Amino acid sequence: MTKDINTLLFDFDGTLLDTNELIIQTFLSVLDEHFPGRFERQDVLHFIGPSLKQTFTAIAPERAEELMEQYRAVNKTLHDELVAEYDGVAETLRLLKSRGLKMAIVSTKRGAGIRHGLEVMGIEGLFDVIVSLDEVKEPKPDPEPVLLALERLDASPEEALMIGDNSHDIEGGQNAGVRTAGVAWSIKGEEYLAGFGPDYMLQHISDLLELTKEAVQ
C-alpha cells in the first residue's frame, strides 16, 4: 500500500521563486563578455537546472571557477530587481506548514542565495531543512541531496515527494526512490517536464493541499 505523502522536498529556483529571468540575464551578461555572439537566450535555457559547475565546466573547463565567481557577483547585483513570486506560493507553504508537514528545500544553489531568496519572499522560517550545493558532493540528479534531506527530516522515501521545474529534480527524486511532481509553470514547459515521467504534474502550487490531505486527517 502506498504511504500518504507527509514530506515535501522542493527545488527552489523556478519552483518556489521565479528566478528564470535573473538566471538568463546573468548568464547572458557573463557569456557575452567572454564568448561574444556564441550564446543566445534560447541556448541559456539549457543552463537552468544544472549546477553552475556543471554548466561552466561544459563550456570552458579551464575557466570554470573564474566564470562561476563572476556569475555569482552579477547575479547578486541583479537579484532583487529581476525575481518574482509565483502565484500562491507563500500562502500555500504557510498552510502546508500549519498542517504539520515536513518540508525541505533541495537545490543546486548555494545556501546563501537560497536564504536570501526566502527572505525576499518572507518565508524564511517555514522549512525544517535546507540542502544546498555547499553540503553535497554530487548535486541532483544524483540522489545524494534528496537522501540527505530525508535523513535530516527523519523521513522515509515512501512518504516523500520531490517537487521541481526541471529534469534534474524529477530524476533526482526517482534515483532516491521518492515520488516526484513536476510544476506546469516550468520555463521549459509542461510537456518537456512530463517526458521525464513525474508521478504528478502540479498546475498550481495549491494542488499540494489536495495531494497531502490524507496525511493530515
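## Strands 4 and 5

Strand 4 and strand 5 (residues 129-131) run parallel and are joined by three bridges; here two strands pair if DSSP finds at least two bridges between them. Helices (H or I, at least four residues) and strands (E, at least two) are DSSP runs, numbered from the N terminus. Within this pair, Val106 has Val131 of strand 5 as its bridge partner. Together with helix 6, the two strands make a right-handed β-α-β unit; right-handed means that, with the strands pointing away from the viewer, the path from the first strand over the helix to the second runs clockwise.

A note on what you are looking at: this is a predicted model, where local features need pLDDT of at least 70, side-chain atom pairs count only at pLDDT 80 or more, and totals for chains, interfaces and linings use all residues. Residues are numbered from 1 along each chain as its sequence is written, and side-chain values use heavy atoms, with hydrogens and water left out.

## Strand 1 and its partners

Strand 4 is also tied to strand 1 by four bridges, again in parallel, and Leu9 finds its partner in Ala104 of strand 4. Four of the five residues of strand 4 are buried, where buried means under 20% relative accessible area, exposed over 50%, and partly exposed in between (1.4 Å probe, protein chains only).

Strand 1 (residues 7-10) runs parallel to strand 6 as well, with four bridges between them.

## Strand 6, covered on both faces

In a regular strand the side chains alternate between the two faces of the sheet. In strand 6 both faces are covered: Ala160, Met162 and Gly164 are buried on one side, Leu161 and Ile163 on the other.

Four bridges link strand 6 to the parallel strand 7 (residues 179-183), and Gly164 stands opposite Gly182. From strand 6 the chain crosses through helix 8 (residues 167-175) to strand 7, in a right-handed β-α-β crossover.

Which residues of helix 5 (residues 89-98) are buried? They are Val89, Ala90, Thr92, Leu93 and Leu96. These residues lie on the same side of helix 5 because they cover an arc of only 165 degrees around the axis, taken from the directions from the helix axis to the C-beta atoms. On the other side, Glu91 and Ser98 are exposed.

The cover over the buried residues includes strand 1, strand 3 (84-85), strand 4 (102-106), helix 6 (111-121) and helix 10 (207-211), with contact meaning heavy atoms within 4.5 Å. Just past helix 5, Gly100 adopts a positive phi of about 90 degrees.
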